[in-house]
Amino acid sequence: MPILEVKNLSFIYGVGTTFQKTAVDNINLSFEKGEFIGIIGHTGSGKSTFIKQLNGLLRPSSGEVLLNGENIWRNSKKIRDVRFKVGMVFQYPEYQLFADTVYKDIAFGPENMGLNSEEINKKVLAAVDFVGLSHEILEKSPFEISGGEKRRTAIAGVIAMDPEVLILDEPTAGLDPRGRELLLSQIKTYHSKRKNTVILVSHNMEDIAKTADKVVVLANGKAEMFDITREVFKNSESLERVGLKVPQITEIMEKLKNKGYDINPGILTVTEAENEILRILGEWGKC
Amino acid sequence: MMTNFIETEDLKFKYSDDVNEKNVLDGISISIKKGEFLTVLGHNASGKSTLAKHFNVLLLPFGGKVFVNGIDTKNESELYEIRRMVGLVLQNPDNQIVASIVEEDVAFGPENLGVKPKEIRERVDEALKSVDMYEHRNSATYKLSGGQKQRLAIAGILAMKPECIVLDEPTAMLDPVGRREVLDTLIKLNHESGITVILITHYMDEAINSDRVIIMNEGSVLLSGKPREVFKEVELLKKYSLDVPQSTELIHRLKLKGCNLPEGILSTDECVQALEHLLEDNKCQY
Amino acid sequence: MLTDITLGQFFPGESLIHKLDARIKILLTFVYMLITFICSNYFSLTITLCSVLFVIFLSKIPIKMYLKSMKMILFIILFTAIINFFSGNGEPIFQWGIFKITVDGINNSIFVSLRLTIIVLTSSILTFVTSPTDMADAIEHLMKPLSAFKINVHDIAMMMTIALRFVPTLLEEADKTMSAQKARGSDLESKNITKKAKALIPIFVPLFVSAFRRAYDLATAMECRCYKGGEGRTRMKILKIVPLDVFAVLFTLAIGIMVIISNTFYWRW
């Protein structure tokens, strides 16, 4: 059974007004436990509206969201429990820090879950380790630490709820290359250790290619594609039609292939590309 | 021969007088020519934003000097003239818009300068046209996309008839479409109107179109040169955790494996071409 | 959603009403409110309502928008209507305990709700057709006499412009913060007042921090654009009284006179 499934999901803003707009249009998808899902789509493709329905922040206009096979709105009083199970890290999450210490901020989620202080402590420390924060800053104010640390504190605040599905909306936006690389590798480590489902929303195709097992392509509120990452990035033309690009390395290798060289389609990383070129050179070297 | 528009002489700066504190800028001497497109790269806390703030007198040097168009920035009577000549665009597109309506925001700068109403109107229209926002002149500013907001910020600077635009990570908060819009606008302004552009960023691929690249680290200039020359130094760039475009990285790795490839490859097409040459040269002779 | 709030929102346009001088618009709005208050019978009230509807028609802004802004204060209108409904003097036509309904009460409640409706509509017209900058500018002009009392009118107007400019931005921010804290299980939907109040802290603190951050950025941006206060500053749009404005003033005066005349001719029944 998939951990998270959406059936005929639609969301319409401003029903009956002049601003009426279908943001999510009849989406059907299912995500398995342990998958790393990438969601791509240009601004206005319905990404944020879509993910906000996955943890019950928005109620679908029609269709349903199933968590472990159960409609999350079946008992709307229990919707908070859904939010603990489907953790969501918003864009620029550091703007949501509020407590007087880093520790208290990270503990906010677990506290709302009604855990006892011992459990809270355990969860906070585990989350802190996942995002690679030093224990010394736990007693500092979240407003006096560096930008990168703030970001990781905010992410730890969601990880501390120990969700079954973790959704991250542009977690690396605005970070410098060093911070971006670091955070991405931490998310990957988290995923491989916790073995839960991670959904990463990003504009950065290189990041998606490096991390995701499967990719959802959203355009005009519809799920245009849903397939394993390599297959999705083989379709550079259809991606371009919806205003997206494949990673630069994929584009380079595809252009070479179109010039008649025997290159495997769907190259995703520089290492793959390097090996591919060396393979061809090696094969030719033999004759 | 282009003349120097901005010059810094052994520029030093720190945010407090504390002797134990490290300098944020540690002896920077650079000159920027009129009409040049300069990209300043560096990770966070490398001092690049602090440097930018010296160009329009938001900060004054702790040691050394900064000259804008020959004027020492410490010269208080020329403060507003320097700010008019050197406009600064900030990172967050939401926080630098003053008015609720696009054209009224563009008018803010010339209004402060005391320009006559009729001329403000002309400047506003012209500025909006040159960033391709004229048809949005009556729109509400908060409804614009990120890329449009940054182009509006650029128009607001243009209406002051500046010599130079400094942009402090203008694309950091934008999506790829917005980034492209802003970059294309800058390239156009530099080429068509001859405006000096100083682009501060941590995206290396944004440097491709510039005349010169400066890489900063720990408050000093690490490398300076034409993009192609700077991007040759892949190992050095990686050591200072700057992100190298995948094309540059691939060529670099293949060269290390002994392939005969040119240095300093930047764009996708250049990379494809170089690889094609490599493969053709080594093709089996049937 | 918070961002649905329309009260005080400007709709750019090219209609006759948009083109009126902002000072005239503000003054005439006050005159209209005054007229609404002196209306003493249904006939004069109908004249006022019709003329307001005519202005709405001229503004070329969908009537839906006006209805939406009405919705915001529907509660207040209903409340006052109900109070008036039960508090009329004279012979009751229906009585149940302390509640009595009189002809007078019915009249009062209809009258008061109509008056409030007209007032809301007129103020909606003003905010819908006047850009915040124009509004601030006009207020700066209208308050000029105050500078005799050493009040810096320009600063007040500038602060108003900026405040209005940041209303949508901060509302959006509040919306995002609420979503983010709800995602961490913040109990905003709780019926328990103390719980609910406690849940507000994680929303208010980030909002304040963000407002300060934005203020700092904005101050820098204003400095970059050579802002140095009101002295020596010019404006792109000069406020100028044109024949259209004179026409609007005369139109309003005519309505006022018609109301006064009908007040004396028709008794309230």
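Domain bounds here come from an automatic or database domain assignment. The model is predicted: local features need pLDDT of at least 70, side-chain atom pairs count only at pLDDT 80 or more, and totals for chains, interfaces and linings use all residues. Residues are numbered from 1 along each chain as its sequence is written, while chains are lettered from A and ligands numbered from 1 in the order in which they are written.

Chain A is divided into domain 1 (32-60 + 76-234) and domain 2 (247-287). Between the C-alpha centres of domain 1 of chain A and domain 2 of chain A the distance is 34 Å. Nine residues from domain 1 of chain A and six residues from domain 2 of chain A form the contact, where two residues are in contact if their C-beta atoms, placed from the backbone, lie within 7 Å. On the side of domain 1 of chain A that touches domain 2 of chain A, two or more residues each come from α7 (205-211) and α8 (229-232) of chain A; helices (H or I, at least four residues) and strands (E, at least two) are DSSP runs, numbered from the N terminus. The largest share of that side, four residues, comes from α7(A).

Between chains, 29 residues of chain C are in contact with 37 residues of chain B. The side of chain C that touches chain B takes two or more residues from each of α6 (132-142), α7 (153-183) and α8 (193-224) of chain C. Its largest share, eight residues, comes from α8(C).

The table gives residue classes.
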